Amino acid sequence: MTGFFTKRTHFCGDFSKEQLGHTVTANGWVSANRDLGGIVFVEIRDRTGIIQLVADPSKNPQAHAALSGLKSEDVVSVTGPISLRPEETVNVKLSTGDIEIYPELVEVLNRSKTPPFPIDDEADNVDEFLRLKYRYLDLRRPRLARNLLLRHQILQSVRSYLNDRRFLEVETPILIKTTPEGARDYLVPSRVHAGKCFALPQSPQIFKQLLMVGGIERYYQVARCFRDEDLRADRQPEFTQLDIEMSFIEQEDVLNLMEGLLVNMFAVANITIQAPFQRITWKEAMDQYGSDKPDLRFGLEFTDLTDVFAASEFGAFRKPVDEGGVVKALCVKGAASYSRKELDDLQVEAKRFGAKGLAYVVFAEEGPKSPILKYLSDAEQKAIAERTGAQTGDVVFFMADQFIPACTVLGRFRLHFAEKHNLIDPNHHAILWVTDFPMFERTETGGLSANHHPFTSPHPEDVALLDSAPEKARSLGYDVAYNGTEIGGGSIRIHQADLQAKIFTLLGLSDEEAQEKFGFLLDAFQFGTPPHGGIALGIDRIVALLSGSDSIRDVIAFPKTNNAVCPMTEAPAEVADEQLRELHMKWDIKKPEPKKPEASKQA
């Protein structure tokens, strides 16, 4: 015994038959306490596992009395010899399930109140707000402990892989200047500089590029990032990304490096993926699957029928084609069994997705059936069957619109049908690169916005389009997607000051605005900037996928709710007037009017 309690000789999950007969000490929390005919069985756990304790009142009444008085989550230290369990009581689900300890000394280090929910992996039906309010108890659950261990192991493998390739881990500032990167910044008022604010970084993007200017050449960082986004499911206001940047490279160098890194990361979770990964362009991904992060664990590829309806008398298809749009078709095997209500529900869903409807042709035993069939010529009906490969029992669904909305809506139905028909193999791991993203997107006002971010380099073959048709220009942007989820994205960056200034102009920034927001970057580009590029991987998202978690909140130690609230600490919280005065601030918030008393309901 040392100090005021007896310290462990092993973690609970590390005991084994090799210690049979040895006197050992375990420290941990009481997980279960059962009295079976006078003999007491107690399980204690730490983050590594569980060990069973046994006390027989006829052999050690003191230990029996001590164990009998233990409740769930009491903290204890126990010392005694390791013994084999009787064969009929072996628990094959535990690594320590074939052994137990007969305590000779039981020390109660701290008593626990009754927890607000069971501390076990069966507590998933507990209200999440309650779990987050008592997150320190939730973290004792074995599954969450395993998730955090997996996260740690993955990050260790990342650091080892990159260190071996001469990357430097460099920390970039948290208090920065606000810059437009898509989402809203979190602002931090300055007490010293009245009326001015820092911003929390949405990413280390500019600083990692400045590190390339500074000659660091190979940089990485496990970076905390912050985005003040509108409420969205499974998003966090603060999150972690693996940030990487390299100099004197081309796109292929980044992709090759990341394939090796991701193979290692997945291997930590005992998931095998093969490099090189499949690669398709953004145009191919949208054209075939209706998504820039397609799930390739199943087929259901689109068929393009635009040419078939270029001269059609069916206006719902002909008009979009005349306006430069497309007609896309999706053949779903076995869908002819859908009821009329199921087909009607799909129309409702299509409108929810932003489409006018979802046209279809059912290939029934007695022949094709559809509300649109009377508008289609025999040649068009024949082309539909031949092009899509539709057979009796199938349904062909159509979407006619401009390219992006048509593909996107049909892509959402592709996922819907895959789930409905059980086409997704949960044991299949489909990872791919999507390349050649558009350089720009058109805004609602007709202007341009950056598809990735304003520092992404245009594709060398499309530089001339920046002057004539910038919306048609491709970029050297790339994403990596796993089972239909984007897990990372990056690009080759612009490294010439004149090209960067031109991109700012196309995005609607005047020279003065560009200088005010990004002057330090443009100035740095005047001092010999090397070609460079990089990528960022979403650590929370990757660990959630590899651990089989339904939510990224289950792989973050202290997450917020999906409306950016911490139930445990009650953040965000009101600030004292004195603190606001120090920051030269006051709230401009209209307090709600007091409710007027309701009129009497008496006659």
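## A pairing to start from

Glu-245 stands opposite Gly-534 in β23. This belongs to a predicted model, in which local features need pLDDT of at least 70 and side-chain atom pairs count only at pLDDT 80 or more, while totals for chains, interfaces and linings use all residues. Residues are numbered from 1 along each chain as its sequence is written, and side-chain values use heavy atoms, with hydrogens and water left out.

Strand β23 (residues 532–538) is joined to β11 by seven bridges, and the two run antiparallel. Here strands (E, at least two residues) and helices (H or I, at least four) are DSSP runs numbered from the N terminus, and two strands pair if DSSP finds at least two bridges between them.

## The whole protein

Let's step back for the overall picture. The protein has 16 helices and 23 strands, and its C-alpha atoms fill a box of roughly 95 × 80 × 75 Å, taken along the principal axes. Of its 603 residues, 46% count as buried; buried means under 20% relative accessible area, exposed over 50%, and partly exposed in between, with a 1.4 Å probe and protein chains only.

Contacts, meaning heavy atoms within 4.5 Å, tell us about sequence separation too. Among those between residues at least 6 apart in sequence, 66% join residues at least 24 apart.

## The eight-stranded sheet

Eight strands form an open sheet with mixed pairing, in the order β7-β10-β11-β23-β22-β21-β18-β12. At the edges stand β7 (168–169) and β12 (278–281), each with a single partner strand, so one side of each has no neighbour in the sheet. As background, strands of a sheet pair through backbone hydrogen bonds, either parallel or antiparallel.

On the β10 side, strand β10 (residues 218–226) and strand β11 (residues 238–247) pair in the antiparallel sense over nine bridges.

Another open sheet, of five strands, has antiparallel pairing and the order β13-β14-β17-β15-β16. Its edge strands are β13 and β16 (367–369), each of which pairs on one side only. Two bridges join β13 to strand β14 (residues 326–332), and these run antiparallel; Thr-303 has Ala-329 in β14 as its bridge partner.

Thr-306 is found in the loop between β13 (303–304) and α8 (315–322). Thr-306 is buried, with a relative accessible area of 14%. Leaving aside neighbours within four places in sequence, Thr-306 is in contact with Val-321, Gly-325, Val-326 and Val-327.

## Phe-117 in its loop

Phe-117 lies in the loop between β6 (105–110) and α2 (128–133). Is Phe-117 buried or exposed? Phe-117 is buried, with a relative accessible area of 4%.

Beyond neighbours within four places in sequence, Phe-117 is in contact with Val-126, Leu-130, Arg-131, Tyr-134, Leu-137 and Asp-138. The C-alpha atoms of Phe-117 and Asp-138 are separated by 8.8 Å, and these residues are 21 apart along the chain.

## Pocket and cavity

About 730 Å³ of space lies in the second largest pocket. Of the 27 residues that line this pocket, Asp-46, Arg-47, Thr-48, Gly-49 and Pro-142 are the closest to its centre. The elements giving two or more residues to its lining are β1 (23–36), β2 (39–46), β3 (49–55) and α4 (142–163), and α4 gives the most, with six residues.The terms work as follows. On a 1 Å grid over the protein atoms alone, a pocket is an open set of points with protein on both sides within 12 Å along at least five of seven lines, a cavity is a set where a 1.4 Å probe fits but cannot get out, and lining residues have an atom within 4 Å of a point. Grid points are joined across faces, edges and corners, and a volume is the space filled by probe spheres set on the points.

By this rule there are two cavities of 30 Å³ or more, and the largest cavity has a volume of about 50 Å³. Its lining consists of Thr-172, Pro-173, Ile-174, Pro-201, Ser-203, Pro-204, Gln-221, Ala-223, Arg-224 and Cys-225.
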